[in-house]
Amino acid sequence: MTEKRTSALFGSGGNPKSFYDEGHKETAGIFKWLKEKNIDSYEYQAGNGLNAGPASLKNAGEEAAANNILLSLHAPYYISIASGDDDIIARSISNIVRSIDSASAMGAYMLVIHSGSLGKYTRERALDRAKSTIYRVLNIIYRDNKTSVRVGLETMGKQNQLGTLDEVIELCRLDGILYPAVDFGHLNARGKSERFKTPGDYLRVFDKIGEKLTDEKAKYMHCHFSKIEYTQKGERKHLTFEDKIFGPEFEPLAKVLAENKLYPNIICESDGTMDIDASYMKETYFSFLRKKEK
């Protein structure tokens, strides 16, 4: 069980550029490759569509387990749980349920989904629409006794998207199977009031989730981390850790994790350098742990 771990984990969101540069072609090979690099986890990216068949999914899950890689799955980006179009909602529900089935087949512990845009709705109306959609998904899950896979609702990076921290928490209060998937790069890109610069900026996220949901969901949170370029409208594009302009910086978060015994699974979503930047995060985190122990 992930709740028994005693340190934070650091993983890759999809396959890094260096994986392909070294001549690898099949995703099934990523798990041994990550283990050799001392990377802990992997998020299978199905953002553009889930095309893998049951056999491929099962094989990926077996390879992940054999290499002790904690596995999560990112559902297609085109899912929209707050749309004003009933057909889009119906397709989104179908895609979520199919993604849950796929995550279960892989042995993934978490399915991450985006909420989608507000469209013409106010934030309040969009949140109500999303709640209705989630209830319909839950009814299918429990009716069919489908899975114990957790559903992670991701914080989003654009102003016109549903997915502030408060909105995600509100949705997660609907059922215990729902977990916040906090993307610090997304939150940082949303606006000046949500920039992450100090340890306190990060700690307030964990504190709020612990207060509004449960301490367990805060302590073992599923996270995304990358530096992200933004405009007044929010997220523009993912960057690498070489960026010195947009942030956020990881060091204040590492300090918070080490000093407060917080053990999230942090998936790196840098632009192609997920392995390099995940390794940097892990090294930085353990350096803070060593300082604390002195």
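Accessible areas here come from the Shrake-Rupley method with a 1.4 Å probe. I started with that because it is how I got the surface of this predicted model: the chain exposes about 13,500 Å², and carbon and sulfur atoms supply 47% of that area.

**Entry 1: the whole chain**

I looked up the overall make-up next. The chain holds 11 helices and 10 strands. Its C-alpha trace spans about 55 × 45 × 35 Å along the principal axes. I then checked the radius of gyration: a compact globule of 294 residues would come out near 19 Å, and the chain has 18 Å, which agrees.

How much of the chain is buried? I noted 58% of the 294 residues. I also looked at contacts with a separation of 6 or more, and 76% of them are between residues 24 or more positions apart. For charges, I found 42 positive and 41 negative ones, and their mean positions are 2 Å apart.

**Entry 2: helix H11**

I went to H11, residues 274-293. This helix has 20 residues and reaches 29 Å from first C-alpha to last, close to the 28 Å expected at 1.5 Å a residue. Which residues of H11 are buried? My list includes Met-274, Ala-278, Met-281, Tyr-285, Phe-288 and Leu-289. Charged names turn up as well, among them Asp-275, Asp-277 and Lys-282. An α-helix has 3.6 residues a turn, so residues three or four places apart point the same way.

What do the buried residues of H11 pack against? I wrote down strands S1 (9-13), S7 (222-225) and S10 (265-268), along with helices H1 (17-21), H2 (30-36) and H10 (251-260).

Phe-286 also lies in H11. I call Phe-286 partly exposed because its relative accessible area is 28%, and that class runs between the 20% and 50% cut-offs. I also checked Phe-286 against Tyr-263: they are 23 residues apart in sequence and 12 Å apart in space, C-alpha to C-alpha.

**Entry 3: Gly-191 and helix H8**

I found Gly-191 in the loop between helix H7 (184-190) and helix H8 (199-212). Is Gly-191 buried or exposed? Its relative accessibility is 15%, so Gly-191 counts as buried, the cut-off being under 20%. In sequence Gly-191 is 34 residues from Gly-157, yet the two C-alpha atoms are 9.1 Å apart in space.

From there I moved on to H8. It has 14 residues and reaches 20 Å from first C-alpha to last, close to the expected 20 Å. Its buried residues are Asp-201, Tyr-202, Val-205, Phe-206, Ile-209 and Gly-210. Their cover includes helices H6 (165-172), H7, H9 (215-219) and H10, plus strands S6 (178-183) and S7.

Most residues other than glycine have a negative phi, and most peptide bonds are trans. I looked for exceptions.

- Gly-247 and Pro-248 are joined by a cis peptide bond, with omega about 5°. I placed Pro-248 in the loop between strand S9 (234-238) and H10.
- Asn-38 is not a glycine, but its phi is positive, near 65°. I found Asn-38 in the loop between H2 and strand S2 (41-45). With 51% relative accessibility, Asn-38 counts as exposed.
- Lys-261 has a positive phi too, about 50°, although it is not a glycine. Its place is the loop between H10 and S10.

Terms used
Residues are numbered from 1 along each chain as its sequence is written. This is a predicted model: local features need pLDDT of at least 70, side-chain atom pairs count only at pLDDT 80 or more; totals for chains, interfaces and linings use all residues. Side-chain values use heavy atoms; hydrogens and water are left out. Helices (H or I, at least four residues) and strands (E, at least two) are DSSP runs, numbered from the N terminus. The radius of gyration is taken over C-alpha atoms; the globule rule is 2.2 Å times the number of residues to the power 0.38. Buried means under 20% relative accessible area, exposed over 50%, partly exposed in between (1.4 Å probe, protein chains only). Contact means heavy atoms within 4.5 Å. The place of a charge is taken as NZ of Lys, CZ of Arg, CG of Asp or CD of Glu. The expected span of a helix is 1.5 Å times one less than its number of residues.
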